Amino acid sequence: MDLRPDEISALIKEQIKHYDDTIESKDVGTVMTVGDGVSLVHGLDNAMLGELLLFPNDVYGMVMNLDEDSVGAVLLGSEGTIKEGDEVKRTGRIIEVPVGDELLGRVVNPLGQPIDGQGAIHSNKTRPIERVASGVMTRKSVDQPVQTGITSIDAIIPIGRGQRELIIGDRQTGKTAIAIDTILNQKDQNMYCIYVAIGQKNSTVAQIVEKLKQGGAMDYTVVVSASASELAPVQYIAPYAGCAMGEEWLEQGKDVLIVYDDLSKHAVAYRTVSLLLKRPPGREAYPGDVFYLHSRLLERACRLNEEHGGGSITALPIIETQAGDISAYIPTNVISITDGQIFLQQDLFNAGFRPAIDTGLSVSRVGSSAQIKAMKQVSGSLKLELAQFAEMQAFAQFGSDLDAATKATLDHGEKVREVLKQPQYSPRTVEEQVISLFALKYGMTRKIAVDKVTEFITQLYEDIQMNHPEYIEEITSQKVISNELESNLKETMKAFVEQFLKVNAEG
């Protein structure tokens with residue numbers, strides 16, 4: 001009996017089908033190449049993206065490329081002991097980090113291992129570092145303030161719980177200082193803080209940790225450090241690890257503040273890894289998916305509605321610009337992902353105006369819905385006043401004859417700037433900010449010399465604290481300036497102005 005060709009074909013196909021069933025996919029592969037913190041592994045057909053692989057001598061790697069006949073893995077440890085032909089095993093686990101209250105007060109690496117010399121962390125819960133962001137239906141609009149303690153931010157560019165506010169500027173303009181001041185100001189504000197240091201020097205991170213300890217902030221803070229000496233893959237996973245730690249508290253209905261310092265170095269680490277994995281470079285040599293790198297991280301910051309616990313994650317990503325160029329690739333990417341930016345200017349910093357916030361280029365897309373009513377009442381016109389001052393100042397350079405109205409605008413603008421100046425590590429309470437801005441708004445500083453404004457505001461608040469503590473208590477409890485409180489404050493302040501002028505005249 002002869003078999004026709006189509007029957008032979010069908011038989012062979014059937015045989016192949018069953019042959020496939022008998023092959024057991026191995027969970028062990030072989031190193032094809034290794035170098036520069038990257039390895040190509042053959043034979044791991046079932047490997048998953050982001051899965052941990054175990055190389056010889058307990059070195060872990062993470063799968064980042066899934067090619068047809070191999071997987072590309074980045075090494076999370078020394079490659080010195082790994083060679084071609086070595087055996088690699090799948091772990092079946094996506095890369096994860098320990099989470100929970102046990103991490104508070106500790107300095108850890110991006111794998112959640114302690115690096116502060118204070119012993120092991122006994123956390124019995126872990127989370128994958130990558131997770132899909134919460135959906136729109138689980139979220140709630142942002143209307144609760146994150147008090148930074150910095151007057152120019154809380155008054156003009158307010159940050160709300162669940163917001164993503166970018167801090168952007170050149171090197172050495174005070175970006176980290178703003179983030180650290182904000183963490184210090186969260187004492188007794190029911191806020192957990194996570195500071196992620198990416199590509200920073202170990203000495204810098206140690207100084208920051210010391211500062212947080214001195215301010216009593218380490219009680220509610222975790223520091224995740226992937227220093228400049230770490231491998232690029234370790235720097236790459238750092239912000240996702242920090243975010244996973246925060247999501248544990250988010251789901252418990254708590255409020256979390258995460259600082260990513262900084263995402264420019266994070267993008268560079270990712271570019272390094274991508275180019276080593278032979279992914280094609282795009283604009284400025286960054287791979288095409290570099291936008292997704294930061295968007296999938298920052299989208300995880302949110303405020304959940306009551307049905308989902310009502311927790312929030314507020315993100316403060318930091319981006320470093322070159323010569324103030326905010327139109328470069330990474331800055332424009334992150335600006336388009338976030339809900340506003342705090343722009344720090346080198347010229348303002350050099351001129352002694354610190355924090356060097358450019359109120360013209362800075363913006364908060366959440367706006368006054370993240371302020372208490374009392375703050376709204378006293379800060380509404382500040383941005384306009386500063387814009388007018390900047391315009392007049394540029395104009396006044398060219399003419400010596402100025403009319404009285406222009407002189408008054410310039411004088412008031414200088415005094416506003418004096419009130420907004422603030423030394424590092426000295427956050428102000430909301431009540432202090434409201435009272436100082438109230439004095440500005442109602443012209444209490446009109447007769448005060450510009451160089452005496454800071455002294456005047458400080459003494460005014462101390463006077464009210466001592467003689468009229470009920471005013472401060474009312475702002476704290478009611479969060480609004482009533483008509484009665486307004487007239488009382490004006491009366492008290494007018495009397496203090498007379499006294500202040502008299503003392504200074506005698507002096």
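How are H13 and H15 oriented to each other? Hi everyone, let's work that out together. One thing to keep in mind as we go is that this is a predicted model.

Two packed helices are described by the angle between their axes and by the distance between the axes. Here, H13 covers residues 430-441 and H15 covers residues 469-478. Their packing angle is about 115°, and the axes lie 10 Å apart. Angles of 65 to 115 degrees count as roughly perpendicular, and therefore H13 and H15 are roughly perpendicular to each other. The crossing of H13 and H15 is also right-handed.

So who is touching whom? From H13 we have Glu431, Val434 and Ile435, and they meet Ile472, Ile475 and Thr476 of H15. Sorted by class, that contact has four nonpolar residues, one polar and one charged.

Let's stay with H13 for a moment. Ten of its twelve residues are buried, so H13 is mostly covered. After H13 comes Gly443, with a positive phi near 70°.

Now, on to H12, residues 404-420. Its 17 residues should span 24 Å at 1.5 Å each, which agrees with the 24 Å between its end C-alpha atoms. The buried residues of H12 include Leu410, Val416 and Val419, and also Lys415 and Glu418. And what covers the buried residues of H12? The cover includes H2, H11, H14 and our friend H13.

Definitions and conventions. Residues numbered from 1 in each chain as written. Predicted model: local features only at pLDDT ≥ 70, side-chain atom pairs only at ≥ 80, totals over all residues. Heavy atoms only, no water. Axes fitted to C-alpha atoms, helices over the stretch in contact; angles between N-to-C directions. Helix = DSSP H or I, 4+ residues; strand = E, 2+ residues; numbered from the N terminus. Parallel < 35°, antiparallel > 145°, perpendicular 65-115°, else oblique. Left-handed = near helix turned anticlockwise from the far one by under 90°. Contact = heavy atoms within 4.5 Å. Nonpolar A, V, L, I, M, F, W, Y, C, P; charged D, E, K, R; others polar. Expected span 1.5 Å × (residues − 1). Buried < 20%, exposed > 50% of the residue type's maximum accessible area, 1.4 Å probe, protein only.
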